[in-house]
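Here is a short tour for a first look. Keep the structure open while you read.

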Amino acid sequence: MGDPIVSFAEFEGSNATAVRIAPGDDARVLLPHLDRLTLVEVTFPAFRDGRGYSSARILRESGYKGTLRAAGDVLVDQVPYMKRCGFDDFAPNAPLDQTVVEKLSGLYPEPYQRTVDGAVPVWKLRHG
Amino acid sequence: MKLLTGNDLGSGDVVWWTGKGWSRNVHEAVDAGDAAEAILKEEEAARRVNASYAVDAGADGLPLHIKDRVRAAGPSVRKDLGVNPEIRLEKA
Amino acid sequence: MYQYDKYDQAIVDARVEEFRDQVRRRMAGEITEDQFKPLRLMNGLYLQLHAYMLRVAIPYGTLSGKQMKMLGHIARKYDRDYGHFTTRQNLQYNWIKLEDTPDILADLASVEMHAIQTSGNCIRNISSDQYAGAAADEVTDPRPWAELLRQWSTFHPEFSYLPRKFKIAVIASAEDRAAMRLHDIGIELVKKDGVLGARIFVGGGMGRTPMIAPEINPFVPAEDLLSYLEACLRVYNRYGRRDNAYKARIKILIHEHGADNYRADVAKEFAHVKTLGLDPPLAEFDRITAFFAAPAFDATAADDLDLSDPDFAVWVDQNVKPHKAKGYAIVNIAVKPTGGIPGDATSDQIDLMADLATAYSFDELRVTHAQNIVLPHVKKADLYAVWQKLNDAGLANANLDLISDIIACPGLDYCSLANARSIPVAQKISERFADLERQRDIGELKLKISGCINACGHHHAGHIGILGVDKKGVENYQITLGGSGAEDVSIGKIMGPGFDENGAVDAIERIVEKYREVREGDERFLDTYRRVGNDVFKEAIYG
């Protein structure tokens, strides 16, 4: 187990290396501290609330290399989208069906967009 | 009087609770009375119905609300496609 | 027209397989309806009043004869022999079985079509000008831009769980034929110092709070467009309201936050996003553009037309529009027969329109937001033959843009959200004004009917709008006047208390007769209304 996770409110002024952010928290506040962070847990209180996808991408776009965890109401069909946004760890309320996770992960080899997970966008494949 | 309605999960057809199962014909619907909630819960869980709910019905045994009368009758503009196109949309 | 390469095809094929498995899991009870609903919606599958409804995407309203044929085939095989063309340039089937949908999607994929993101809180099908590539007045063909946006928005990982749905329209003419400023993002392609770019409007929409989109950026160069839109969407995804579904559209964010603040937020986000290399190279834009090269028009095609058949002459005058190529014309097929259902076409009619496109219009068709079909490139010499075939199929009503060319949502006959029926009102109005000479004397009059406040029938943008409401369990119809979805965009004003169905039809007739009485010269209804104001018409309606 790593260090204890602090909430976004507790994070400021602390030396915590793991933080939990809620949908309304501004992920950009974490940017000056990315070097010391090893875990950011982004919570999804409801699967329909997609703010966490933006939080994740903002962190990865700014060079965050630690673990990015999606926690809460995370559904199996959302996992591929989340991975493209940089999530690499999942703590769903209900366990994910691993057969489905695997099936989905191989389904879409190339995205249309440049994403933060290192996938090569279709336009890059077309033009090199 | 309470009728139970919903859609068949696979076909999407509008269905009505008959006391034993689900029928496409509203005239086979029965009053579910106090058992409405329990029946819906059980039937949804068994996936014998989808998006189900209880509706108030009038003396004619048909739903009171126009939306459910449309569901029972079929589209008023395509009488050839409804199950019971003769049903009047206005309350009796 | 755009043609898929192996990457496009693989993505659409993958979607079919993904949905097949999702349907299987739903049927097996592995996921609940609540969990399945957003998944099916992102494939355009609704549960409506009578059955499942499938909305098929027709990107920017353009399709080939072969694709149109497939739409007819699906209507025949899986539905009840008809389809419904929508205000978002799509096609809906009303009687679909969940069990059949994976096979239907596979059939669509076989002709490079899909139902991706035709519903759900994501970026919807990109809409555009139905005359794109044919219009005499366009700065450029907007479709390559729309295709670029289609690809960018397809399965966008960050923007698939937005606060609410998101609609984008792209046009390239001063005349707005796509209700551009009533979209979440409206894009008008413009030329500045000889360079093409995008003028960006954000925060328009209809629904219960109609808004006209303010200009957010006067000129975004092509090479920045996707990054700029990415910034627009990210600001919305992060700050759009999620506490109340009725206030979750981007128009509310911009209204509450202010266009200036939103513009500043987007500029800041754009400065960051632009460093990420999200914009494809110009070569990709060129690759897409090449698909939309003008067809091989016959340079010797004659411009003259034999108008000796009076019925044909009326149809040409009303439904045929100027083309940019000499000797060619744009044909509008009004899917608005007198007493018919706006936008509904039978499988046979769909097949016929497909055949006409193949034979006479370089294999191309368009769907318009007014629920009509366009054959964009017809040789003038072929117009008479085309008209005769349309006439035989009941598709030659010469009522384009007239009072019986009504936009109507499906309303309470089909839709689970509706409060009142729309179609019967449209049918009665078109019957009341069946006399074509009278309609043509009235002139351009855009009448639009919605069966609830969600405004799918665009009533806010109708010169005359009709809104169906539920008045203590009884259908009731309110009348609005003065709306426009064109370049003179405006939101209609409610006149007063509503009517029952027949009362509404009578009131429309009184409005029209008042207009005929007070109009000056060849003034359109809308211009008369704007000149004389509400009171004259209120008096006519209620006096």
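Chain A and chain B share no contact; their closest C-alpha atoms lie 18 Å apart. Note that this is a predicted model.

**Where chains meet**

Two pairs of chains touch, and the pair with the most contacts is chains A and C. That contact takes 33 residues from chain C and 29 residues from chain A. On the side of chain C that touches chain A, these elements of chain C give two or more residues: helix 1 (6–27), helix 2 (33–41), helix 5 (143–153), helix 6 (225–239) and helix 9 (282–291). Helix 1 of chain C gives the most, with eight residues. By type, the residues on this side of chain C divide into 16 nonpolar, eight polar and nine charged.

**Chain A**

Chain A has five helices and five strands. From the N terminus on, the elements of chain A run β-α-β-β-α-β-α-β-α-α. How compact is chain A? Its radius of gyration is 15 Å, close to the 14 Å that the globule rule gives for 128 residues, so chain A is as compact as a globular protein of that length.

| Property of chain A | Value |
|---|---|
| Box filled by the C-alpha atoms, along the principal axes | roughly 45 × 35 × 25 Å |
| Buried residues, of the 128 residues | 39% |
| Contacts joining residues at least 24 apart, among contacts between residues at least 6 apart in sequence | 48% |

**The sheet of chain B**

Chain B holds an open sheet of four strands in the order 3-2-1-4, with antiparallel pairing. Its edge strands are strand 3 (22–23) and strand 4 (50–56) of chain B, and each pairs on one side only. Helix 1 (residues 36–45) of chain B packs on the sheet and touches strand 1, strand 2 and strand 4 of chain B. The direction of this helix makes about 165° with that of strand 4 of chain B. Strand 1 of chain B pairs with strand 2 (residues 14–17) of chain B in the antiparallel sense, over three bridges.

**One residue in that sheet**

Now look at B:T5, in strand 1 (residues 2–7) of chain B. Which residue of strand 2 of chain B is the bridge partner of B:T5? The partner is B:W16. Is B:T5 buried or exposed? B:T5 has 22 C-beta neighbours inside 10 Å. The cut-off for buried is 20 or more, so B:T5 counts as buried. Leaving out residues up to four places away in sequence, B:T5 touches several others, among them B:V14, B:V15, B:Y53, B:V55 and B:R71. B:S76 is 71 residues from B:T5 along the chain, and their C-alpha atoms are separated by 19 Å.

Technical notes
Residues are numbered from 1 along each chain as its sequence is written. Chains are lettered from A and ligands numbered from 1 in the order in which they are written. This is a predicted model: local features need pLDDT of at least 70, side-chain atom pairs count only at pLDDT 80 or more; totals for chains, interfaces and linings use all residues. A residue is buried if 20 or more other C-beta atoms lie within 10 Å of its own, exposed if 12 or fewer, and partly exposed in between; C-beta atoms are placed from the backbone. Two residues are in contact if their C-beta atoms, placed from the backbone, lie within 7 Å. Ala, Val, Leu, Ile, Met, Phe, Trp, Tyr, Cys and Pro count as nonpolar, Asp, Glu, Lys and Arg as charged, and the others, Gly among them, as polar. Two strands pair if DSSP finds at least two bridges between them. Axes are lines fitted to C-alpha atoms, for helices over the stretch in contact, and angles run from 0 to 180 degrees between N-to-C directions. The radius of gyration is taken over C-alpha atoms; the globule rule is 2.2 Å times the number of residues to the power 0.38.
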